[in-house]
Amino acid sequence: MKTEKSTPRAGEIELQDKVVSINRVVKTTKGGRTFSFSALVVVGNNDGVVGYGLGKALEVQKAIQKGIDVAKKNLINVPIHNGTIPHDIFIKVGAAKVLVKPASQGTGVIAGGSMRSILESAGIKDVFAKSYGSNNPANVVKATFEALKEMRSPMAVAQERNVDLKTVFNG
């Protein structure tokens, strides 16, 4: 039996946004070239809530705003234990593979560019993260987001196993 995670609402919390990447796309037509932009944006409250979105428009600012709107609809709660994640996890999404491990206090966020933005927006202070395979920012952000989505808090694990919290940490 899987415990149900409550999804946070964007209107209830103060979110900060970070633009991970902006990509210019060119469509060649009979009349010439048409330029448009896609923006990958991460939003978070630096306290366990994070989301990402991809916005596309003819102007950069509109693409960023659309990305923010999509990211606010795509929020998740991330379990954070003493400034780090509760356990290590390896996730593969498309050609991007992501390994995220907890780190001791004072280590900082050791991660690449697109992974760093989503981990910092989630409020994780100490973590080791490595991406393998594809270095496409969109796929790396998706894989990191899926890894954070799959995280389980020690309390949820204890509840699923019907044991007390000390047993989860010691055995």
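1. How many bridges join β3 to β4, and in which sense do the two strands run? Three bridges join them, and the strands run antiparallel. One of the pairs can be named: Val49 has Asn77 in β4 as its bridge partner. The model is predicted, and the remarks that follow should be read with that in mind.

2. On confidence, the protein chain has an average pLDDT of 88, and 94% of the residues score at least 70. Among the elements, helix α1 (residues 60-72) has the highest mean pLDDT, 96. The lowest mean, 69, belongs to helix α5 (residues 165-170). Where pLDDT is low, the predicted coordinates should not be read in detail.

3. The pairing of β3 with β4 belongs to an open sheet of four strands, ordered β1-β2-β3-β4 and paired antiparallel. β1 (16-29) and β4 are the edge strands, each pairing on one side only. From one strand to the next, the twist averages 15°.

4. Within this sheet, β1 and β2 are antiparallel and share 13 bridges. Thr28 faces Arg33 of β2 across this pair.

5. β2 and β3 run antiparallel and are joined by eight bridges. Here Val42 stands opposite Tyr52 in β3. The hairpin of β2 and β3 has four residues between the strands, and Asn46 in this hairpin has a positive phi near 60°.

6. Helix α1 packs on it and touches β1, β2, β3 and β4, with its direction at about 145° to that of β3. Helix α3 lies across β1, β2, β3 and β4 and runs at about 155° to β3.

7. Leaving out residues up to four places away in sequence, Leu148 touches Val50, Ile76, Val78, Ile118, Leu119, Ala122 and Ile124.

8. Two residues separate the strands in the hairpin, where Gly94 takes a positive phi near 65°.

9. Is Thr84 buried or exposed? Thr84 sits in the loop between β4 (75-77) and β5. Its relative accessible area is 8%, under the 20% cut-off, so Thr84 counts as buried. Two polar approaches involve its side chain. The side chain of Thr84 reaches the backbone nitrogen of Ala103 at 3.2 Å, and one of its polar atoms lies 2.5 Å from the backbone oxygen of Asp126.

10. With neighbours within four places in sequence set aside, Thr84 contacts Pro79, Pro102, Ala103, Ile124, Asp126 and Val127.

11. In helix α4 (residues 154-161), the buried residues include Pro154, Ala156, Val157 and Ala158. Glu160 is found in this helix too. Its relative accessible area of 31% falls between the 20% and 50% cut-offs, so Glu160 is partly exposed. The C-alpha atoms of Glu160 and Ala147 are separated by 20 Å, the two residues being 13 residues apart along the chain. Just after α4, Asn162 has a positive phi of about 55°.

Technical notes:
Residues numbered from 1 in each chain as written. Predicted model: local features only at pLDDT ≥ 70, side-chain atom pairs only at ≥ 80, totals over all residues. Heavy atoms only, no water. pLDDT = per-residue confidence, 0-100. Contact = heavy atoms within 4.5 Å. Pairing = 2+ DSSP bridges. Buried < 20%, exposed > 50% of the residue type's maximum accessible area, 1.4 Å probe, protein only. Polar contact = N/O pair within 3.5 Å; in protein donor to acceptor, adjacent residues only side chain to side chain. Axes fitted to C-alpha atoms, helices over the stretch in contact; angles between N-to-C directions.
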